[in-house]
Amino acid sequence: MSENEHEAKMARPRMAAGALFFDESDRVLLVEPSYKDYRDIPGGYVEKGESPLQACIREVHEELGIMPTIGRLLVVDWAPNPGEGDKVLYLFDGGRLSPDECRHIELQADELCAYAFHDAEELPGLTIPRLVRRITAGIEARAHAATAYLEHGEAPQAAS
């Protein structure tokens, strides 16, 4: 196989990074994008030359106007999309936002309409199934000081 053929077979996934934030009642923060018909977590695409953690920090600041400490990686999800190709999504622990930090949130007006904290049981009625699975895995990983690997928001079956 020539170098060009080998290069052509390599995946070039889009990457995105987001954060799970919680309030004092351990509810999850979701944002309401103006361009989607479901709620999402704060975050966005990784830019060229940027690490997923750097992208998460940048996106949270752009979308929410705050600079909280972003903690450890909770989830990596391989989630290809027919329209966009291969995607790898990183979910970081944003920690617990205090009421004071919440008062300083200023939504990115051209992208976000609102934000609110929600109990995990509410998520299926607010967002798409694969994101519910990713958030749920993130909540569990956070509780167990673990990191989850997912494919389409689900733990893959063990290879035999």
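Ala 145 sits in the loop that links helix 4 (129-143) to strand 7 (148-151); helices (H or I, at least four residues) and strands (E, at least two) are DSSP runs, numbered from the N terminus. The structure is a predicted model, in which local features need pLDDT of at least 70, side-chain atom pairs count only at pLDDT 80 or more, and totals for chains, interfaces and linings use all residues. Residues are numbered from 1 along each chain as its sequence is written, and side-chain values use heavy atoms, leaving out hydrogens and water.

Most residues other than glycine have a negative phi. Ala 145, however, has a positive phi of about 50 degrees although it is not a glycine. With a relative accessible area of 65%, Ala 145 is exposed (buried means under 20%, exposed over 50%, partly exposed in between; 1.4 Å probe, protein chains only). His 152, in the segment after strand 7, also has a positive phi, near 60 degrees. This histidine, His 152, is partly exposed at 35% relative accessibility.

In soluble globular proteins, nonpolar side chains tend to be buried together.
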